[in-house]
Amino acid sequence: MKKVLIISYYFPPNAGAHVQRITKFVKYLSCFGYEPVVLTNKLNSQRIDNILASEVSHVKKYFSPDIGKIIPGEIKKIFSKYLQPDKQSIWKFTLIKQALRIIIKENIDIIFVSAPPHSVGYFGSIISEKAKIPYVLDFRDEWITFPLFKKKNHLNNQEAMYNKMLLNCTAVTTINKTIKERLKKSFPNEIPCHVIYNGYDDTDIPEVNNNNANGKIRICYIGRFIHFHDPTAFFKILQMILLSDDPIRNNIEFISIGDR
């Protein structure tokens, strides 16, 4: 079984949307012939998810502290020009050395990096180059291909980092076809790009006792409603149902959790 070094800034017991995808990758990689070894930051959130942590408790984990966390935010703003592309870029001072040690100790075959933070993807490129083993980058969110990217500062520096990162990349994965197409247009060379949808883990869904069900259909959305996350089509269909004579209209609940 090949060994994969999973590098992710966020990982359980940290909670939140940014740990869900990588947790499930780690949980199921062994089913596809790969043994995951995780390298992550120390606990960096007050939100804890012990259930997710239990799903990957069997996986070997290493930690590399982000010394940037002890630097006050106001000081980081002063030196923002040098903290590109994000404030987690200081992690490189412990991350790269630790990753290279793990690659030798664990006889790692391939590196898999979860981004954002996008600086971690860039560091994955450096680690891959030094260790001379391939690496795959997973874009949970876009970087320079995001439509609002042009509003950021120090664009030239970030675009140079993006291109260098991809020049060493063996393959890219992302969450949907739209992002895949935008990414492919930005690649400096021919890189295989694959869509792996977030989907769901059926072990997270409890069995329903139909005798006790209240008969309602509950639709939950966790995320943002902004211009680039347009829910118009969904609400048009929902409106059609609510204005129809179908009895189901009285049994639909919609719950939104996140920014509006």
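Buried means under 20% relative accessible area, exposed over 50%, and partly exposed in between, with a 1.4 Å probe and protein chains only. At 35% relative accessibility, Q20 therefore counts as partly exposed. This is a predicted model, in which local features need pLDDT of at least 70 and side-chain atom pairs count only at pLDDT 80 or more, while totals for chains, interfaces and linings use all residues. Residues are numbered from 1 along each chain as its sequence is written, and side-chain values use heavy atoms, leaving out hydrogens and water.

**Overall chain**
- The protein chain has 8 helices and 9 strands. These are DSSP runs numbered from the N terminus: helices are H or I with at least four residues, strands are E with at least two.
- The C-alpha trace spans about 65 × 45 × 40 Å along its principal axes.
- Of the 260 residues in the protein chain, 42% are buried.
- The protein chain exposes about 15,600 Å², and carbon and sulfur atoms supply 56% of that. Accessible areas come from the Shrake-Rupley method with a 1.4 Å probe; for residues, only the protein chains shown count as cover.

- An open sheet of 7 strands has the order 3-2-1-4-5-6-7, with parallel pairing. Two strands pair if DSSP finds at least two bridges between them.
- Strand 3 (60-63) and strand 7 (193-195) stand at the edges with a single partner strand each, so one side of each has no neighbour in the sheet.
- Neighbouring strands are turned by 25° against each other on average, direction ignored.
- Strand 6 (residues 171-174) runs parallel to strand 7, joined by 3 bridges. V172 stands opposite C193 in strand 7.

**Helices on the sheet**
- Helix 5 (residues 118-131) packs on the sheet and touches strand 1 (2-8), strand 4 (110-115) and strand 5 (135-139). Its direction makes about 165° with that of strand 4.
- Helix 7 (residues 177-186) also packs there, touching strand 5, strand 6 and strand 7. Its direction makes about 170° with that of strand 7.
- Contact means heavy atoms within 4.5 Å. Axes are lines fitted to C-alpha atoms, for helices over the stretch in contact, and angles run from 0 to 180 degrees between N-to-C directions.

**Selected residues**
- Q20 lies in helix 1 (residues 17-28). Q20 and Q158 are 138 residues apart in sequence and 27 Å apart in space, C-alpha to C-alpha.
- I78 is in helix 3 (residues 73-78). At 64% relative accessibility, I78 counts as exposed.
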